[in-house]
Amino acid sequence: RTVKFGDLCEYITSGSRGWADYYSESGSLFIRAQNLNKDRLDLEDTAFVSLPERAEGKRTRTRKGDILVTITGANVTKSGFVDRDLGEAYVSQHVALCRVRDPRVTEFLYLYIISPSGGRRDLEKAAYGAGKPGLNLTNLRELSVPLCSLPEQQEIVRLLDAQFEVIEQNEREIEAALKRSEALRQSILKKA
């Protein structure tokens with residue numbers, strides 16, 4: 001059956017404007033669009049915010065199982081999901097936070113959203129604006145998702161995770177080979 005993504009979520013929202021006033025050297029994690037540009041949550045380049053007690057932004061606090069989607073800028077549609085407890089973490093105005101009702105389907109939905117022949121294709125079609133492309137929250141809510149049974153979803157996730165692990169291993173091997181190649185190049189240049 002096909003369902004609307006919004007019907008599978010408790011809510012879909014985005015970060016508040018004006019976070020710049022709360023940037024700090026430490027504090028709560030602040031998830032920005034660049035943390036999703038590899039279609040996974042990458043916290044290597046982290047920012048922090050220190051919110052006052054009465055901050056409106058608390059509605060965008062993440063929790064395990066949330067799906068995050070970039071909704072503005074060059075990386076529009078790039079996504080990730082919160083697969084672990086991040087402690088206190090918030091999303092920027094350029095990131096949509098999608099709180100899925102049933103956490104058992106989160107990873108399947110995330111994989112569908114990043115699929116070039118599925119959610120990614122449909123979201124890219126919905127994106128508007130040439131200079132700074134964007135999606136609105138209605139675009140996300142209205143995204144059609146083909147939903148199979150939970151056991152089928154779990155099997156799809158299992159198969160894809162196995163393939164992603166092979167890809168990651170290949171990437172590690174290629175990176176190591178490139179480093180060895182550069183070291184050999186430098187050695188040859190030094191000897192020359």
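Trainee: How many aromatic pairs does the count come to?
Mentor: The count comes to 2 aromatic pairs. The rule takes rings of Phe, Tyr and Trp (its six-membered ring) with centres within 6.5 Å, and calls planes under 30 degrees apart stacked, over 60 edge-to-face and the rest tilted.

Trainee: Why is the pair of Tyr23 and Phe30 put in its class?
Mentor: Their ring planes stand at 90°, with the centres 5.5 Å apart, so Tyr23 and Phe30 are edge-to-face.

Trainee: Before we go on, what are we looking at?
Mentor: A predicted model, where local features need pLDDT of at least 70 and side-chain atom pairs count only at pLDDT 80 or more, while totals for chains, interfaces and linings use all residues. Residues are numbered from 1 along each chain as its sequence is written, and side-chain values use heavy atoms, with hydrogens and water left out.

Trainee: What's the rest of the secondary structure like?
Mentor: The chain has 4 helices and 10 strands, in the order β-β-β-β-β-β-β-β-β-α-α-α-β-α. These are DSSP runs numbered from the N terminus, helices being H or I with at least four residues and strands E with at least two.

Trainee: You mentioned H1. How many of its residues are buried?
Mentor: 8 of the 9, so H1 is largely enclosed by the rest of the structure. Among them are Phe108, Leu111 and Ile114.

Trainee: What covers them?
Mentor: The cover includes S7, strand S6 (67-70), strand S9 (95-100), strand S10 (144-146), helix H2 (119-126) and helix H4 (150-191).

Trainee: Changing topic: where is Asn35 found?
Mentor: In the loop between strand S4 (28-31) and strand S5 (47-49). Asn35 is buried, with a relative accessible area of 1%.

Trainee: What does the side chain of Asn35 reach?
Mentor: The backbone nitrogen of Arg32, at 2.8 Å. Beyond residues up to four places away in sequence, Asn35 touches Phe30, Arg40, Leu41, Asp42, Leu43 and Asp45. Contact here means heavy atoms within 4.5 Å.

Trainee: And His94, where is that?
Mentor: In the loop between strand S8 (89-91) and S9. His94 counts as partly exposed, at 24% relative accessibility. Leaving out residues up to four places away in sequence, His94 touches Ala33, Val69, Thr70, Ile71, Thr72 and Lys132.

Trainee: Last one, the whole chain: what does its C-alpha trace span?
Mentor: About 65 × 45 × 35 Å along its principal axes. Of the 192 residues, 41% are buried. Among contacts with a separation of 6 or more, 73% come from residues 24 or more positions apart.

Technical notes: Buried < 20%, exposed > 50% of the residue type's maximum accessible area, 1.4 Å probe, protein only. Polar contact = N/O pair within 3.5 Å; in protein donor to acceptor, adjacent residues only side chain to side chain.
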